Amino acid sequence: IHRDLNPRNLCIDEDKKLTLIVDIWSMATILFEVITGQVMFEGKRISNSIKQQIDYCGPVDQRVLDKVKTLHLRTQI
């Protein structure tokens, strides 16, 4: 199941209630994995997962890429 499942990623506040902000990507990934029983983007390294996501969703828009602050992550994308 989704390895990064935690309250902060699901926008759950300290009172354990969902906030109005929802991380759609995390929720969709979790729902896919719960329903199908399969890992959506399986990879032993983050670079493998990023490549699978780009292969599935298409290239990252330059405006989004420009907002990535980490040079290492930007080069992987």
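These legends walk through several close-up views of a predicted model.

View 1. Let's start with the overall layout: the protein chain has four helices and zero strands. Followed along the sequence, the pattern reads α-α-α-α. The chain has 77 residues, and 18% of them count as buried. Its accessible surface comes to about 6600 Å², and carbon and sulfur atoms account for 59% of that area. Among contacts between residues at least 6 apart in sequence, 30% join residues at least 24 apart.

**View 2. Helix H1 and its buried side.** Helix H1 covers residues 24-36. Which residues of H1 are buried? They are Ser 26, Thr 29, Ile 30 and Glu 33. These residues cover an arc of only 95° around the axis, so they sit on the same side of H1. Just after the helix comes Gly 37, with a positive phi of about 75°.

**View 3. Helix H2 and the glycine that follows.** Helix H2 runs over residues 46-57 and has twelve residues. From its first C-alpha to its last, H2 reaches 16 Å, close to the 16 Å expected at 1.5 Å a residue. Gly 58 follows H2, and its phi is positive, near 100°.

View 4. Now zoom in on Tyr 56, a residue of helix H2. Is Tyr 56 buried or exposed? With a relative accessibility of 62%, above the 50% cut-off, Tyr 56 counts as exposed. Leaving aside residues up to four places away in sequence, Tyr 56 touches Met 40 and Phe 41. Tyr 56 and Phe 41 are 15 residues apart in sequence, and their C-alpha atoms lie 9.5 Å apart in space.

View 5. Where does Val 64 sit? Its place is in helix H3, residues 62-65. Val 64 has a relative accessible area of 49%, so this residue is partly exposed.

Conventions. Residues numbered from 1 in each chain as written. Predicted model: local features only at pLDDT ≥ 70, side-chain atom pairs only at ≥ 80, totals over all residues. Heavy atoms only, no water. Helix = DSSP H or I, 4+ residues; strand = E, 2+ residues; numbered from the N terminus. Buried < 20%, exposed > 50% of the residue type's maximum accessible area, 1.4 Å probe, protein only. Expected span 1.5 Å × (residues − 1). Contact = heavy atoms within 4.5 Å. Areas by Shrake-Rupley, 256 points an atom, 1.4 Å probe, with all protein chains shown as cover. Arc of directions from axis to C-beta.
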